[in-house]
Amino acid sequence: MRVAIAGAGAVGRSIALELLDNHHQVMLIERELANIAPETVEAAEWVHADACELSTLEDADIESCDVVIAATGDDKVNLVVSLLAKTEFAVRRVVARVNDPRNEWLFGDNWGVDVAVSTPRLLAALVEEAVAVGDLVRLLTFRQGQANLVEVTLPADTPLAGRPVRSVKLPVDSALVVILRGGRVIVPQADDALEPGDELVFVATAAVEEDIRAALER
């Protein structure tokens, strides 16, 4: 894929390196001259410009990008970049970094954001995951308010031990997408047996999250 990243600070450069390692084309757009350091991500295309300017995005041929990532440390900038990428250039996938959790409600369809990534929320979720076996933990929000990535770790006394995936009656608007077991990543099949300690990852609307928890307790 061709990916544009607005913001070439530590976060933007780290994302760029990961994407390049996975053989994607990466363009970094950075306004601050102090952050322009091509030697740190040599395989990326570097653009010294303001990603909030429509002319900058036109010159950078943003329309040809499969994904735009707004990764600056300023939520206002990330929202403007997201809105321009989606509404002016019809970029298929827009991912935005949320720096202040109080602004998270803004990062949705109205501002062109497909996926909002809140570091504070992710860190909190990881802490909850470590101490709350059996509880449902929200990891990520897709298209604010429409769907979430949620995780449940089956406790040692789970009634689902040894039962196949098909026996779990999940509510409408939810799907089990992966099972994490030890060091394995399992794409669930109907006949796969569940085990205590399995981490079940679902995509679901917020409205049915409690129904998922109830289904796993039967």
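Q: In which loop of this predicted model is His23 found?
A: The model is a predicted one. Helix α1 covers residues 10–21 and strand β2 covers residues 25–30. His23 is found in the loop between α1 and β2.

Q: Is His23 buried or exposed?
A: The relative accessibility of His23 is 74%. Exposed means over 50%. His23 therefore counts as exposed.

Q: What is the phi of His23, which is not a glycine?
A: Most residues other than glycine have a negative phi. His23 is not a glycine, yet its phi is positive. The value for His23 is about 70°.

Q: Which loop holds Ala90, and what is its phi?
A: Ala90 is found in the loop between α3 and β5. At 62% relative accessibility, Ala90 counts as exposed. Ala90 is not a glycine, but its phi is positive, at about 55°.

Q: In what order do the eleven strands of the open sheet stand?
A: The protein has five helices and eleven strands. Eleven strands form an open sheet with mixed pairing. Their order is β3-β2-β1-β4-β5-β6-β7-β8-β11-β9-β10.

Q: Which strands stand at the edges of the sheet?
A: An edge strand here has a single partner strand, so one side of it is left without a neighbour in the sheet. This applies to residues 45–48 and to residues 184–186. The strands at the edges are β3 and β10.

Q: In which sense do β7 and β8 pair, parallel or antiparallel?
A: Strands of a sheet pair through backbone hydrogen bonds, either parallel or antiparallel. Strand β7 spans residues 136–142 and strand β8 spans residues 147–153, with six bridges between them. Leu136 stands opposite Val152 in β8. The sense of the β7 and β8 pairing is antiparallel.

Q: Which residue in β11 is the bridge partner of Thr153?
A: Strand β11 runs over residues 199–204 and pairs with β8 in the antiparallel sense. This pairing has six bridges. The partner of Thr153 in β11 is Glu199.

Q: Which residue in β11 is the bridge partner of Ser174?
A: Strand β9 covers residues 174–181. β9 and β11 pair in the antiparallel sense over six bridges. The partner of Ser174 in β11 is Ala204.

Q: Which strands does helix α3 lie across, and at what angle does it run to β5?
A: Helix α3 covers residues 75–87. It lies across β1 (2–6), β4 (67–70) and β5 (93–98). Its angle to β5 is about 175°.

Q: How far does α3 reach from its first C-alpha to its last?
A: α3 has 13 residues. At 1.5 Å a residue, the expected reach is 18 Å, and the helix comes close to this. The reach of α3 is 18 Å.

Q: Which elements do the buried residues of α3 pack against?
A: The buried residues of α3 are Asp75, Val77, Asn78, Leu79, Val81, Ser82, Leu84 and Ala85. Besides strands, their packing partners include α2 (54–59). The elements they pack against are β1, α2, β4 and β5.

Q: Is Lys76 buried or exposed?
A: Lys76 lies in helix α3. Lys76 and Cys52 are 24 residues apart in sequence and 9.8 Å apart in space, C-alpha to C-alpha. The relative accessible area of Lys76 is 60%, so Lys76 is exposed.

Q: Which residues of the largest nonpolar core touch the most other members, and which element gives the most to it?
A: This core has 26 residues, and Met27, Ile29, Ile62 and Val68 touch the most other members. The elements giving two or more residues to this core are β1, β2, β4, α3 and β5. With five residues, the element that gives the most to this core is α3.

Q: Over residues 1–117, how far apart are the end C-alpha atoms?
A: UniProt lists these residues for "domain: RCK N-terminal", in an unreviewed entry. Over them the chain is 26% helix and 24% strand. The end C-alpha atoms are 20 Å apart.

Methods:
Residues are numbered from 1 along each chain as its sequence is written. This is a predicted model: local features need pLDDT of at least 70, side-chain atom pairs count only at pLDDT 80 or more; totals for chains, interfaces and linings use all residues. Side-chain values use heavy atoms; hydrogens and water are left out. Two strands pair if DSSP finds at least two bridges between them. Helices (H or I, at least four residues) and strands (E, at least two) are DSSP runs, numbered from the N terminus. Contact means heavy atoms within 4.5 Å. Axes are lines fitted to C-alpha atoms, for helices over the stretch in contact, and angles run from 0 to 180 degrees between N-to-C directions. Buried means under 20% relative accessible area, exposed over 50%, partly exposed in between (1.4 Å probe, protein chains only). UniProt positions are given in the numbering used here, feature names are shortened, and annotations may be inferred rather than shown by experiment. A nonpolar core is a set of buried Ala, Val, Leu, Ile, Met, Phe, Trp, Tyr and Cys residues joined through side-chain atoms within 4.5 Å. The expected span of a helix is 1.5 Å times one less than its number of residues.
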